[in-house]
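Here is a walk through one protein model, from its charged pairs to its rings and its surface. Keep the structure open and follow along.

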Amino acid sequence: MKFALGLFIVILVISEVSLNMEISVLTNFIVNLVKTRHIILFSCSVKDFQNAPAALMALNQLVTVVHINQNYFLPSILTRESYARTAVVVNGRCNGTSELLSEASENRCFNKTYQWFLWGVDREVQSLFPLELDYVGPNAQITYVNKTDNGYAYWDIHSKGRHLRSVLEVNLIGTLKNGRMNKVRDIFYLQSIDFRGQFNGITLRGASVIDKDDIISNEQIESILSRPTKDSGVAAFIKYHYELLSLLRERFNFTVNFRNSRGWAGRLGNTTFRLGLLGIIMRNEADIAASGAFNRINRFAEFDIIHQSWKFETAFLYRYTPDLDTHGSSGNFLSPFSDSVWVLSMLTVTAVSIIWIIFEIIDKKFQQKRAVLKIELLLSPDKDKLDIKTTCVERILQTFGAMCQQGLDPTPRDRSVRFLVTTLLLFSLVMYNYYTSSVVGGLLSSSDQGPATVDEITSSPLKISFEDIGYYKVLFRESKNVSITRLIEKKLSSSRSPNELGIFSHIEEAVPYLKAGGFAFHCEVVDAYPVIAEFFDANEICDLRDVSGLMEVEIMNWILHKNSQYTEIFRIAMCNAQEKGFVERILRRRQTKKPACQSLYTVYPVSLAGVFPAFIILICKICENQY
C-alpha cells in the first residue's frame, strides 16, 4: 500500500514537472517580440501559476491566471475591452487545450486584439489546429513554441481561411539559445498585410444582389456585374462595390465564387431570421459581398464595416412644364406680390383717393368763401353735390392712372395735392419696377419651379413610376411614413391603361415619358443621368428637375460578417486604395453628375390661369365704362 502511494506521488511529480513552461521563453516573447502590457495565463501546472506571474509582474505586466482544466466562461475573460496590447499564454501540454482553442475559434478570438502564445513542446501544430478550428485566418496573431536540439523556436501561425480548407502557414520568427534571442524576422512584419497579402489563388465565398430571374451561376453574375453599362435589376452601388472587390481580388490574388440574392434585407415572418444578402453575410455564408448596405443601428452588432464611400441618392426626376408651377410663378398676373401686399396696395390707393377728395373739398370751401360776389354758387347746394360726386369719380380714376404711371390731366395746382400725388407716383415707381422685374424673371427658367417635395409630387398631375428593383418593394411594404402612404393611395392604387408606363419599370423605358413631360420617375440618379444626357437636348436638360426625400441620402457601408477573419486586412487595403486615389477614380466614373444646363435661359409661355385675374379686371372696367 505504501509502495503504491509512493509510486503515485512520484508519477504526479514527474508529470507536473513535464507540464511546466520555460519561464525565460515566455518572458523573451513578452519583452523582445510582442511588448504587451496584459497577460492572460491558461495553464494546469502549479509551478506555472507560482513562477510565471511573479516573473511577468516584475516586467510591469498585468497578469490574469485561469486554470485550463476548471470551469470558466471565455467571453467574460476575453472581453475585447482592453485598449492595451494583450497576450494570451496557453500551456499546450494541458488536457484542456483543445477545448480552449475550439471555444476561442467559435468566439472569433484569433484576431488583432490578442497575441496568442502556445507552449507546444511535444505537440504538433496540426494537432493543436485541426480543420475544425475554422477561425484561423490572415488576421490571426498566434505564436507557437517548440523545442529544438539546443533551445527553443518561435513560429508564426496563420492561414488564408481554414473554413476554406486552406493550409496552415508556419514561419520562423526566431530562436532562443542559452537565454539569447535570435530574431529571424520581425513578428509584426509576419503578422502584417505586407507579408500575408498573397492568398495564392484561394476561392472566397461571395454574394451579390441581382433582381432578375434565373441568375444562378457564378459566370452569369460575373458577366452582369463586370459590364460598365446599366443592367436592369442591378443597383448602381452593386457594380461600384464589385469594382472595389476587384481591387481587393487583384491586390490579394484570390478568386470569388458568387451566389445571388434577389434582395438585401427582410425577416422570415415574425422571427429574427434574416433574409437576403444581409442574412447570407450574418450567417457567415459568404466571406465578401459585392454590395453596400444602408446604415441601421441594429446592424452594427451583426456586421463589420470595411469601407464607406458610395453616396446613395435617389430622387423623382421629371421635366418641368408650366402646368406644374405649384408656386404660381410662371406667367401669373398676381404672382409677384402676395395677397397681403395686394390688399395693402389697394388700401393705400383708396386712402390716397380719399385724402385727395378731402383736399379738393377743403379747397372748394375756401374758394367759396373767397367768391362772396358770386351769389349763384352759394344759392345752388344741389350743384355743389353734383360737382363733388363728379370730382370723386375723377379723382379715383386719376389715382388709378397715377398708379399705372399714365400721368395726370389736368395737373393739380394745390401744393398739398401735389405733395400727395408725388408720394403716390414714387410709391407707384417702386411697385411697378419690382412687379415688372418679377414677371420677367418668372417667365424665365428658374430652379425652384415645379413640385419640390414628395407631397407636392403627390398633389401634382404627374404620373409616377419607380425603377424595378427590390428596395422599392420593401419600402412600400414596410414603411409607415405618412407621405409614402399618401403617395401609394393617390398615385399607385389606381389602374393604368396599356399606353401608360407601369408602376415598376426600367430607366430606358421611362426616358421617352420623361422627355414628353407630365411624368416622374424615381430611381438612383447616377443611373438616369447618362441616359438623360444622351436623349435630352439642351433646353430639355434645363427643364429637368429632381425631388429627393422619399429615401434617405446616406453613405453606404461595405460590410462583412461580424469579427470576420478578413476584416482588418481588407480594411487596411481599402484605406491604402483610398489614399492612392483608386477609390476616387472609380467614384468619378460611376457617380455621373447631373447634365449641365447649356441654354442661357428658357422662356415659358404665359398660362391662361396666370392671366385670368387681369382679364377679370379688364372686363370689369369695360362694363363700368359702358354703364
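Which side chains meet in a salt bridge of 2.9 Å, N to O? The side chains of Arg196 and Asp156 do. Salt bridge here means a side-chain nitrogen of Lys or Arg within 4 Å of a carboxyl oxygen of Asp or Glu. This pair links distant parts of the chain, with Arg196 in helix α8 and Asp156 in strand β6 (residues 152–158), 40 residues apart. Helices (H or I, at least four residues) and strands (E, at least two) are DSSP runs, numbered from the N terminus. Both Arg196 and Asp156 are buried. Buried stands for under 20% relative accessible area, exposed for over 50%, and partly exposed for what lies in between (1.4 Å probe, protein chains only).

A word on the source. The model is predicted, and local features need pLDDT of at least 70, side-chain atom pairs count only at pLDDT 80 or more, while totals for chains, interfaces and linings use all residues. Residues are numbered from 1 along each chain as its sequence is written, and side-chain values use heavy atoms, with hydrogens and water left out.

The protein chain has 24 helices and 18 strands. Of its 627 residues, 45% are buried. Accessible areas come from the Shrake-Rupley method with a 1.4 Å probe; for residues, only the protein chains shown count as cover.

Back to charges. Side chains of opposite charge can pair when their charged atoms come close. The salt-bridge count comes to 28. One of these bridges joins Asp527 and Lys230, with the closest N and O atoms 3.0 Å apart. Asp527 lies in helix α20 (residues 525–535) and Lys230 in the loop between α9 (218–226) and α10, so the pair ties together parts 297 residues apart in sequence. Asp527 is buried because its relative accessibility is 10%. Lys230 has 23%, so this residue counts as partly exposed.

Glu243 and Arg589 form another salt bridge, at 2.3 Å, N to O. This pair also links distant parts of the chain: Glu243 sits in helix α10 and Arg589 in helix α23 (residues 582–590), 346 residues apart. Glu243 is buried, at 16% relative accessible area. Arg589 is partly exposed, at 43%. Elsewhere, salt bridges build a network from Asp211, Asp213, Arg262, Asp468 and Lys473.

The charged end of Lys473 sits over the ring of Phe504, 5.5 Å from its centre. Sitting over a ring requires NZ of Lys or CZ of Arg within 6 Å of the ring centre and within 35 degrees of the ring normal. Arg251 does likewise over Phe252, with its charged end 4.9 Å from the ring centre.

Phe504 also belongs to a cluster linked by ring pairs, with Phe237, Trp264, Phe294, Phe312, Phe316, Phe466, Tyr471, Tyr472 and Phe476. Rings of Phe, Tyr and Trp (its six-membered ring) pair if their centres lie within 6.5 Å; planes under 30 degrees apart count as stacked, over 60 as edge-to-face and the rest as tilted. How many aromatic pairs does a search of the whole structure find? The search gives 26. In one of them, Phe199 and Phe254 are tilted, 5.8 Å centre to centre with 40° between the planes. Phe199 lies in the loop between α8 (193–196) and β9 (203–209) and Phe254 in the loop between α10 (236–252) and β10, so the pair ties together parts 55 residues apart in sequence. Phe199 is buried, at 2% relative accessible area. Phe254 is buried at 2% too.

Next comes the loop between β10 and α11, where Gly263 is placed. Gly263 and Asp211 are 52 residues apart in sequence but 6.8 Å apart in space, C-alpha to C-alpha. Leaving out residues up to four places away, Gly263 touches Val209, Gly276 and Leu277.

Leu275 is found in that loop too, between β10 (255–261) and α11 (276–282). At 32% relative accessibility, Leu275 is partly exposed. With Leu268 and Phe273, Leu275 forms a nonpolar surface patch of about 250 Å² accessible area together. Patches take residues with over 30% relative accessible area and no salt bridge; like charges are joined within 9 Å, nonpolar side chains (Val, Leu, Ile, Met, Phe, Trp, Tyr) within 5 Å.

Terms used:
Contact means heavy atoms within 4.5 Å.
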